[in-house]
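Work through the exercises below with the structure open. Each task is followed by a solution in steps.

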Amino acid sequence: MTEEIIIAGFGGQGVLSMGKILAYSGVMQNKEVSWMPSYGPEMRGGTSNVTVIISDERINSPVLSVFDSAIILNQQSLDKFENAVKKGGLLLYDPNGITRHPVRKDINIYQIAATDKAAEIGIPKLFNMIVLGGFLKYKPIVQDEFIRKGLEKSLPARHHGLIPENEKAIKTGTDIVKPYHTI
Amino acid sequence: MKELRLMKGNEAVAESAIRYGVDGYFGYPITPQSEILEHLMAENPYEKTGMVVLQAESEVASINMVYGGAACGKRVMTTSSSPGISLMQEGLSYIAGAELPCLVVNVVRGGPGLGTIQPSQADYFQTTKGGGHGDYRLITLAPASVQEMYDFVGLGFELAFKYRNPAMILSDGVIGQVMEKVVIDDYKPRWTDEYIKKTFPWATTGKNPNQSHVIVTSLQLDPVKQEQVNLRIQAKYRECEKNDARCELLNCDDAEYVFVAYGSSARICQKAIELGREKGIKIGLVRPITLWPFPTKVLRDMTSKVKGMLSVEMSAGQMVEDVLLATQHKVKVEHFGRFGGMIPTPQEVLEVLETKIIGG
Amino acid sequence: MNESIIKPENLVYRKTPVLTDNVLHYCPGCGHGTVHRIIAEVIEEMGIQETTVGVAPVGCSVLAYNYFEVDMQEAAHGRAPALATAIKRLKPDFHVFTYQGDGDLAAIGTGETIHACNRGENITMIFINNGIYGMTGGQMAPTTLEGMKTSTSPYGRDLRTMGNPLRITEILAQLPGTYYVTRQAVYTPALVRKCKKAIRQGFENQKKQKGTSFIEVVSNCNSGWKMSPVASNKWLEENMLTLYPLGDIKVPTENK
């Protein structure tokens with residue numbers, strides 16, 4: 001099993017930390033992992049993306065141009081990465097702020113209204129965990145128990161009290177994600 | 001006890017330095033390697049091992065602090081990225097001339113000039129052919145994973161002390177920024193002052209009674225003597241070339257074509273090999289681990305076994321010159337590179353192999 | 001010679017063993033030799049020969065490492081304070097000193113000088129200011145006086161085009177990291193004695209760990225100034241000391 005994922009959105013949406021939690025969960029499940037961020041000015045509010053690879057084998061390139069899955073959180077990223085999803089692959093996106101929706105017919109596309117949901121819960125910071133839950137519903141590449149361990153590893157100890165909230169948000173994500181176009 | 005961590009390549013360098021027992025780090029912030037100094041400062045190594053960490057006023061000061069520390073027989077290092085490494089060239093020449101060991105890490109970014117902060121491998125010439133003035137070399141290690149970023153700190157110091165010459169870890173923005181699994185060691189104690197004094201008679205560890213003082217210098221006004229210094233240094237380099245050229249061969253047993261690539265380019269080539277082999281093309285990878293000394297013999301031996309080689313670098317074509325020197329036109333060699341901070345994709349690397357080497 | 005007078009009680013001068021037997025390469029009449037001797041005597045008197053590391057510059061005193069019988073390092077031009085910083089940080093029990101001229105310390109090495117002093121490195125910095133680049137043949141230095149002729153200011157230093165002489169010692173005294181800043185000279189026996197006291201204090205200060213000790217010595221360059229040694233000392237007194245007046249600039253508070 002090898003899953004090559006791009007997560008892309010605005011800086012501040014928790015793109016990098018979502019990727020980190022996914023990668024750490026993979027480590028806890030004894031997988032090979034790689035987490036490669038875009039870096040530089042993106043950190044300060046522009047677009048931000050991270051390539052996460054989780055595999056049973058030694059990972060070759062940490063930098064990729066095509067992906068099994070794309071998790072897309074803004075319009076620029078959708079424009080940039082829709083065509084980078086492999087045929088038969090997965091695209092998960094939050095329709096919030098999207099004016100041009102994906103058009104590919106040869107991939108599975110799912111929608112998750114995570115921005116709205118996070119606002120509804122009243123904790124905008126949980127946005128990325130809701131998205132992660134939605135992704136894991138269709139790509140269960142790491143098991144729940146290892147997600148918990150991944151959270152423990154990637155969050156500083158002072159934030160460990162927030163782990164149950166994060167887990168709940170992941171669960172919420174699995175509940176609200178819905179197919180947009182499937183093949 | 002070994003411990004498994006998920007770390008950035010840059011963080012791995014810092015963590016390794018503390019745990020290996022490095023005595024001093026002197027550095028100046030520059031993207032994409034500032035995590036090294038940040039991680040060191042956050043870890044408070046002086047409390048853990050007595051390691052000194054100092055943010056210097058410039059790269060020029062950093063490398064000269066390294067010079068001062070190295071001359072005391074201490075294990076000292078600095079890290080930077082391309083423009084900062086350019087500033088260090090004078091100091092590196094002095095350190096090589098004074099025959100001192102030290103470790104320098106270059107997390108290469110695109111140039112020339114201020115360039116870009118994105119990954120590049122365009123500092124190959126600067127690193128392997130001298131860089132500063134005079135006849136000297138840097139023992140150059142090219143990590144292709146975060147684990148190697150960690151491991152090469154120790155290996156770099158080992159080789160630097162073996163040959164009393166600066167060693168360079170030539171990395172790039174990909175390997176510096178990517179997070180991967182790393183197995184890390186326990187803290188090793190630093191060398192004691194007594195051990196250093198006993199082991200390194202060339203170091204300024206305080207004058208011994210009944211012995212003349214130690215002078216560390218790269219100055220030798222008499223050209224006859226300066227030539228002797230050079231001959232001694234060159235003899236050392238021949239030994240290093242004989243004993244310490246390293247490379248990794250992947251999928252080479254049945255390969256009809258090989259990529260020659262180091263660092264992150266090697267990783268990209270591995271993906272291209274996977275894609276190529278799915279199409280039935282037998283491709284292998286020769287990955288130089290030491291760029292100087294270059295694994296010349298391995299490549300020369302390879303000329304009778306393969307039909308062509310593609311040297312893949314994030315540069316306009318630098319290592320390819322060493323590949324050509326090694327292979328002496330006995331086999332077709334071409335270069336493919338993206339530069340200025342652009343990273344080639346596995347697909348385009350494979351395509352170039354197909355058109356320039358197989359079809360060409 | 002009547003050898004019977006060679007007795008310990010008749011000894012009036014002995015070369016300190018902290019100076020090697022190498023013949024100094026400095027021009028006859030130059031102040032470098034005197035300052036070397038002072039430093040070496042201080043090291044001997046303090047009993048710190050085996051725990052001292054010195055850093056030599058690039059300039060006339062580039063070969064200073066041949067004369068001090070202590071472990072020595074030869075820095076790149078201007079970088080002595082950087083080397084000394086690392087030595088002191090890695091060997092905090094050692095006494096570390098730099099020895100630099102005006103071009104080394106106040107032109108190419110200004111950054112290293114200011115930052116070592118500003119960090120308050122516990123080192124002793126000796127600064128020989130003779131207003132000229134002696135080793136390379138008498139070019140203009142950052143401390144060259146207005147109107148002073150050098151090979152690169154052959155019609156005299158023109159402040160409008162060549163900038164002003166730099167009083168770096170006054171600048172360094174402003175930095176919180178410096179503990180003791182003084183300006184001395186060695187062209188009379190009385191001044192030699194005073195200078196030795198200052199250098200001794202500079203070395204003693206390292207034990208207190210309260211910051212950098214900086215001792216400027218205004219010196220002559222009879223070759224570069226194209227004068228006889230005696231004339232150069234007179235010229236020094238009449239010209240150099242106006243811009244570079246002798247005396248303590250910053251004294252540790254407990255000594256006030």
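The exercises treat a predicted model and cover chain contacts, then a helix packing.

**Exercise 1.** Determine which pair of chains shares the most contacts, and describe the side of chain B that touches chain C.

Solution.
- Of the 2 pairs of chains in contact, the pair of chains B and C has the most contacts. Chains A and C do not touch, and 29 Å separates their nearest C-alpha atoms.
- Chain B contributes 33 residues to the contact and chain C contributes 28 residues.
- On the side of chain B, the elements giving two or more residues are strands E2 (24-27), E3 (52-55) and E9 (215-216) with helices H4 (59-71) and H6 (89-97). H4(B) gives the most, 8 residues.
- Sorted by class, this side of chain B has 16 nonpolar, 12 polar and 5 charged residues.

**Exercise 2.** Find the strand of chain C that pairs with E9(B), and the sense of the pairing.

Solution.
- E9(B) pairs with strand E2 (residues 71-74) of chain C over 2 bridges, in the parallel sense.
- C:Met72 in E2(C) is the bridge partner of B:Ile215.

**Exercise 3.** Classify the packing of helix H1 (residues 32-46) of chain C and helix H7 (residues 189-208) of chain C.

Solution.
- Two quantities describe a pair of packed helices: the angle between their axes and the distance between the axes.
- For H1(C) and H7(C), the angle is about 50 degrees and the axes are 9 Å apart.
- Angles of 65 to 115 degrees count as roughly perpendicular and those under 35 as roughly parallel, so H1(C) and H7(C) are oblique to each other.
- The crossing of H1(C) past H7(C) is right-handed.
- Residues of H1(C) in the contact include C:Ile38 and C:Val42, and those of H7(C) include C:Ile199 and C:Phe203. By class, this contact has 8 nonpolar, 1 polar and 3 charged residues.

Notes. Residues numbered from 1 in each chain as written. Chains lettered and ligands numbered in written order. Predicted model: local features only at pLDDT ≥ 70, side-chain atom pairs only at ≥ 80, totals over all residues. Contact = placed C-beta atoms within 7 Å. Helix = DSSP H or I, 4+ residues; strand = E, 2+ residues; numbered from the N terminus. Nonpolar A, V, L, I, M, F, W, Y, C, P; charged D, E, K, R; others polar. Pairing = 2+ DSSP bridges. Axes fitted to C-alpha atoms, helices over the stretch in contact; angles between N-to-C directions. Parallel < 35°, antiparallel > 145°, perpendicular 65-115°, else oblique. Left-handed = near helix turned anticlockwise from the far one by under 90°.
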